[in-house]
Structures are given as structure tokens and as C-alpha cells.
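Please examine the sequence and the structure shown below.

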Amino acid sequence: MRVKRESLCGLAGIIGGASYAAAFEPFGQPALAWVALALPLTTIAVADLRGAFVAGFFFGITQAALSIHWMWGLFGAMSLSLFVIYAAYYAIAFSFAQAVVERFGRHALMWGVPAVFVGMEWLRS
């Protein structure tokens, strides 16, 4: 059985999102932040645009579900729409970062991808 590349990108996104969420409270495992950083960068470097979008979506949905789970108790099923919006934000960021890497080469992982994520965080705030 052949595994699709998008499935592997989705799995990397899930593991990365879970690691990112576990790096902060209430889990408090800061060493996992390095895993959360390495998986998206690797995925962005080797995936195509669709794979980066899938990885970003699953990264965002996993991170949101584990980090802001308290919203489920506050808003119930309505919080799912907020989780999807959060996931779409990461999907767009990963896709844009992959486009930067595709346009400027893998050395853009050192300057282009951090610039994309800083810009996206600035827009989000």
C-alpha cells in the first residue's frame, strides 16, 4: 500500500501541533518546542504547496484543540469554527512559507520562513 505524501504531511502537522501545544502550559514540556519547530520546517522544505497546506491545517487544528481546549467548555460546538479558523491561519502561513522556499530555494528556510511567520503573527495581533 502506497502512502500519499499529503498523509505524511498531515501526520507531521499533527505531531508538530501536539509538540507545540505540549511545550506550553498546562503540559509544560519546553524541550518539545524544538520538535514543533523542526517538523514544520522539514515539511515546508520537502513538500509541495498542497502538502504544506495540509501540514499547516493539521498543525493548527491540533495545536488549537490542545492549547485552547477551554473554549470547548465555554462555547461548546461553536468553538469548532474557531479551531478551523485557527487552523486555516496556519495552513495559509505554511503554504506561503513553502512558496517562498520554492521561489528562493532552501536557503530561504533561514531568512524567508521566519520572516513569513513573524509577519503572520504581527497580522494576527
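**Helix packing and the nonpolar core**

The axes of α5 and α6 come within 9 Å of each other and cross at roughly 150°; axes are lines fitted to C-alpha atoms, for helices over the stretch in contact, and angles run from 0 to 180 degrees between N-to-C directions. The model is predicted: local features need pLDDT of at least 70, side-chain atom pairs count only at pLDDT 80 or more, and totals for chains, interfaces and linings use all residues. Residues are numbered from 1 along each chain as its sequence is written, and side-chain values use heavy atoms, with hydrogens and water left out. Helices (H or I, at least four residues) are DSSP runs, numbered from the N terminus.

**The pair α5 and α6**

- α5 and α6 are therefore roughly antiparallel to each other (angles under 35 degrees count as roughly parallel, over 145 as roughly antiparallel, 65 to 115 as roughly perpendicular and the rest as oblique).
- Their crossing is right-handed, a term used if the near helix is turned clockwise from the far one by less than a right angle.
- Residues of α5 that meet α6 include Tyr86, Tyr90, Phe94, Ala97 and Val101; on the α6 side, Leu109, Trp111, Val113 and Phe117 are among those involved. Contact means heavy atoms within 4.5 Å.
- α5 has 26 residues and reaches 38 Å from its first C-alpha to its last, close to the 38 Å expected at 1.5 Å a residue; the expected span is 1.5 Å times one less than the number of residues.
- Gly105 follows α5 and has a positive phi, near 95°.
- Val100 lies in α5 and is buried, with a relative accessible area of 11% (buried means under 20%, exposed over 50%, partly exposed in between, with a 1.4 Å probe and protein chains only).
- Leaving aside neighbours within four places in sequence, Val100 is in contact with Gly105, Ala108, Gly112 and Val116.

**The pair α2 and α6**

- α2 and α6 pack at an angle of about 115°, with their axes 12 Å apart.
- That angle makes α2 roughly perpendicular to α6, and the crossing of this pair is right-handed.
- From α2, Leu41, Ile44 and Ala45 meet Leu109, Val113 and Phe117 of α6.

**The largest nonpolar core**

- The largest nonpolar core has 23 residues, of which Ile44, Tyr90, Phe94, Val101, Leu109 and Val113 touch the most other members. Such a core is a set of buried Ala, Val, Leu, Ile, Met, Phe, Trp, Tyr and Cys residues joined through side-chain atoms within 4.5 Å.
- At least two residues of this core come from each of α2 (32–46), α3 (49–67), α5 (79–104) and α6 (108–124).
- α5 supplies the largest share, 9 residues.
- Val113 touches Leu41, Ile44, Ala97, Val101 and Ala108, not counting residues up to four places away in sequence.

- The 19 residues of α3 should span 27 Å at 1.5 Å a residue, and its end C-alpha atoms are 26 Å apart, which agrees.
- Buried residues of α3 include Gly51, Val54, Phe59 and Gln63, and α1 (5–22), α2 and α5 are among the elements covering the buried residues of this helix.
- Gln63, placed in α3, counts as buried at 5% relative accessibility.
- Not counting residues up to four places away in sequence, Gln63 touches Gly17, Tyr20, Ala21, Ile68, Tyr86 and Tyr90.

**A loop residue**

- Glu25 is found in the loop between α1 and α2 and is exposed, with a relative accessible area of 65%.
- Glu25 and Ser67 are 42 residues apart in sequence, and their C-alpha atoms are 8.1 Å apart in space.
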